[in-house]
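Keep the viewer open as you read.

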Amino acid sequence: MTRVFRDVDAACDALLAYVGCRVVLGIPLGLGKPIALTNALYRRAAADPKLQLTILTALTLEKPRGASAIEQAFLAPFVERVYGDCPDLDYAVALREQKLPTNVKVSEFFFRPGTMLANPSAQQQYVSSNYTHAARDAAAAGCNVVAQMVAKREIDGEVRYSLSCNPDTGPELVERLRASGREFMTVAQVNPQLPYIEGSAEVPGDWFDLVIDGAKGCDHVLFSTPKLPVATADFAIGLHASTLVRDAGTLQVGIGSLGDAVVHALLLRHQRNAAYQAILGELQASITLGESVGGLDPFGVGLYGASEMLVDGFMDLHRAGILKRHVYGFWALQQLVNDGRCNPDRLAPQLFTDFESLGVRVIRTQDFEMLQRHGVFTDDTRYDAGYIVAPDGERVIANVADPATRRVLGGSCLGPALRNGRICDAAFYLGTNAFYQWLRELPDDERRAFNMTGVARINQLDLNPRLYQLQRVHARFMNTGLMVTLGGAVVSDGLDDGRVVSGVGGQYNFIAMAHQLATGRAVLMLRAARESGGTVTSNIVYNYAHTTIPRHLRDLVVTEYGVADLRSRSDRDVAVALIGIADTRFQDELLSRAKATGKVEAGYVIPAEQRDNTPEQLARRMAPHQALFPEFPLGSDFTADEQRLMKALQGLKSRAARGKLSALWQAVRAPEPRAEDAALIGRVGLDRPKDLQQRVARKLLGLELADARGA
């Protein structure tokens with residue numbers, strides 16, 4: 001029987017009384033972590049060495065923190081405004097500071113990118129795993145407490161809970177633990193701020209052993225992910241990638257600046273098509289490839305989202321009338337919709353004849369329930385032990401191969417139109433406060449079209465291959481990488497010295513799935529080069545000592561300079577295609593190595609049109625259309641002044657990276673900051689500089705603020 005607590009510590013007492021002094025806590029990745037419960041358990045373990053606490057999770061989130069005193073001063077008002085009373089995770093702070101007690105272990109299968117490179121504890125406890133194997137691995141690690149933040153709804157006295165942002169792994173983990181016969185507990189922490197998502201994310205009131213509801217500190221603001229500025233190179237990548245998306249197809253897209261760039265490009269394609277095609281012409285985009293693989297025109301039928309993560313970009317696509325293609329839960333119905341033989345807005349008796357032509361014979365109980373849910377059968381039609389009972393009471397055998405059955409079904413049992421289709425299936429969501437508010441305020445029937453479900457149903461085809469293949473037609477799975485080799489292998493999660501940058505997550509799943517789908521394609525996006533400390537390095541490399549995606553799964557690779565179609569191509573053609581979208585500063589070296597190893601013939605010459613792949617040339621091509629590419633194309637939690645100050649601080653950091661003497665000389669020659677910038681300079685504590693370093697920083701920041709204003 002479910003026990004409900006209004007006090008977190010009392011719930012901890014009950015939990016520990018049941019599982020004892022060894023707690024292996026499984027909590028979701030991202031947003032759904034029960035922070036109050038997790039912190040209470042951590043504090044007890046920190047105070048009692050006899051309590052052994054292991055936390056199994058991924059993507060532990062922390063509020064933005066500045067690397068310097070200036071950055072910290074800039075972020076402090078922003079964090080207070082956006083995150084409000086959202087508490088920190090105590091274990092995350094201790095892990096970052098490398099102060100975890102010896103009786104506490106934190107094991108993750110995915111890090112926030114780049115945050116744990118210098119953290120030995122995190123690196124040692126990392127578990128390399130596909131997202132679809134996370135529940136299996138948590139069970140194998142001895143998980144005995146499954147806990148998460150949930151939403152609650154009570155209708156006519158019946159209490160139900162929604163796993164909302166994270167139905168991804170919890171239900172599968174619980175299933176595995178129950179099957180094992182192991183003793184464990186399920187714990188819910190109710191947060192009324194969490195949007196209530198119906199469908200696959202719902203569980204009955206007795207699904208949890210312990211529920212923390214109405215406890216102090218549990219109704220906090222949801223953790224949000226502020227938008228990052230989108231750079232010129234990212235916009236170009238998004239434009240190239242958007243040409244690969246086909247109308248009436250399927251889309252997966254992720255979080256971050258590249259995901260935002262793809263969404264923005266799709267919005268331009270749909271809403272400002274003439275300007276969109278003009279920009280593609282400036283970029284010398286491969287129109288032929290776009291037309292054969294994707295499209296360049298506005299969306300008619302629209303897209304369906306099948307995405308590991310429901311990002312807020314899907315909100316923008318839905319508002320724009322792009323994310324609107326509905327899918328249905330019965331394979332033959334989906335087939336007929338795909339083929340244009342079933343009009344979702346007006347059903348005809350021919351539907352049952354078409355079912356029979358596809359091989360549908362006996363309609364089973366679960367088939368009837370699904371078809372009735374989708375409006376094929378009217379609400380007053382019933383199923384009874386192998387028979388379908390029409391509204392007027394006539395009974396016919398539930399077999400559409402029988403002409404008499406088809407006559408009755410088409411005459412009195414057929415609904416007027418399809419309903420309850422889904423426009424997006426996802427395993428977890430994470431985004432901005434505006435995105436959470438949008439989910440909360442969506443009308444129930446519209447919100448039901450966004451289905452949150454288990455990761456095993458999203459990231460692979462295994463559970464229902466026939467249906468999923470029909471739903472995910474013309475799938476374009478957009479992912480990002482760190483590097484790609486000339487053989488076509490992709491580096492996304494780690495470095496050649498073994499350190500983990502992030503994790504495999506679902507990337508391998510989606511890329512493998514793209515190859516399984518008859519019309520699916522995997523789109524891997526990355527910048528052609530990166531700059532660090534004043535040094536520029538190519539992200540297209542000859543070879544690398546670590547890979548995430550093996551070369552035999554190579555497909556479409558996109559940089560700011562174009563698209564390389566690698567599928568089914570020879571090693572020579574793969575290498576040549578990738579060199580063609582590399583930064584020109586590195587093309588000769590890449591080609592030389594490919595020739596030296598015999599992968600490219602000695603006489604090959606890079607075409608002239610591919611020899612000007614430089615940031616300067618890209619900026620010139622994008623410049624005439626700059627008004628269409630704001631730094632925050634999908635909105636921002638940063639105010640206009642904060643955006644200007646953030647840009648100025650980035651410029652200040654770049655100046656510092658070029659050397660102290662250079663920065664000092666620029667500061668000496670710089671005028672005093674403008675009076676109208678005094679408030680922004682004061683925000684970061686430079687209004688009254690205390691030493692030479694701060695005086696230099698103040699003068700240079702004044703220069704950057706003037707540049708950011710357009711002076």
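A quick convention before we start: contact here means heavy atoms within 4.5 Å. This is a predicted model, where local features need pLDDT of at least 70 and side-chain atom pairs count only at pLDDT 80 or more, while totals for chains, interfaces and linings use all residues. Residues are numbered from 1 along each chain as its sequence is written, and side-chain values use heavy atoms, leaving out hydrogens and water.

Go to Thr243, in the loop between α8 (232-242) and β10 (250-252). Helices (H or I, at least four residues) and strands (E, at least two) are DSSP runs, numbered from the N terminus. Not counting residues up to four places away in sequence, Thr243 touches Arg269, Tyr276, Leu280, Gly290, Gly294, Gly295 and Leu296. With a relative accessible area of 4%, Thr243 is buried; that word means under 20% relative accessible area, with exposed over 50% and partly exposed in between (1.4 Å probe, protein chains only). A polar atom of its side chain lies 2.7 Å from the backbone oxygen of His240.

Now hop over to Thr548, which sits in the loop between β23 (540-541) and β24 (556-559). Thr548 is buried at 10% relative accessible area. Its side chain reaches the backbone nitrogen of Ser492 at 2.8 Å, and Ser492 is also among the residues that Thr548 touches, including Val490, Asp493 and Tyr508.

On to the rings. There are 21 aromatic pairs in the structure, counting rings of Phe, Tyr and Trp (its six-membered ring) with centres within 6.5 Å; planes under 30 degrees apart count as stacked, over 60 as edge-to-face and the rest as tilted. Tyr83 and Phe223 make a tilted pair, at 5.1 Å centre to centre and 55 degrees between the planes. Tyr83 lies in helix α3 (residues 69-83) and Phe223 in the loop between β9 (210-212) and α8, so this pair ties together parts 140 residues apart in sequence. Both Tyr83 and Phe223 are buried.

What about Phe352 and Phe377? Their ring centres are 5.8 Å apart with planes at 25 degrees, so the pair is stacked. Phe352 belongs to helix α14 (residues 350-357), and Phe377 to the loop between α15 (365-373) and β12 (382-384). Phe352 is buried at 0% relative accessibility, and Phe377 is buried at 1%.

Terms used:
Polar contact = N/O pair within 3.5 Å; in protein donor to acceptor, adjacent residues only side chain to side chain.
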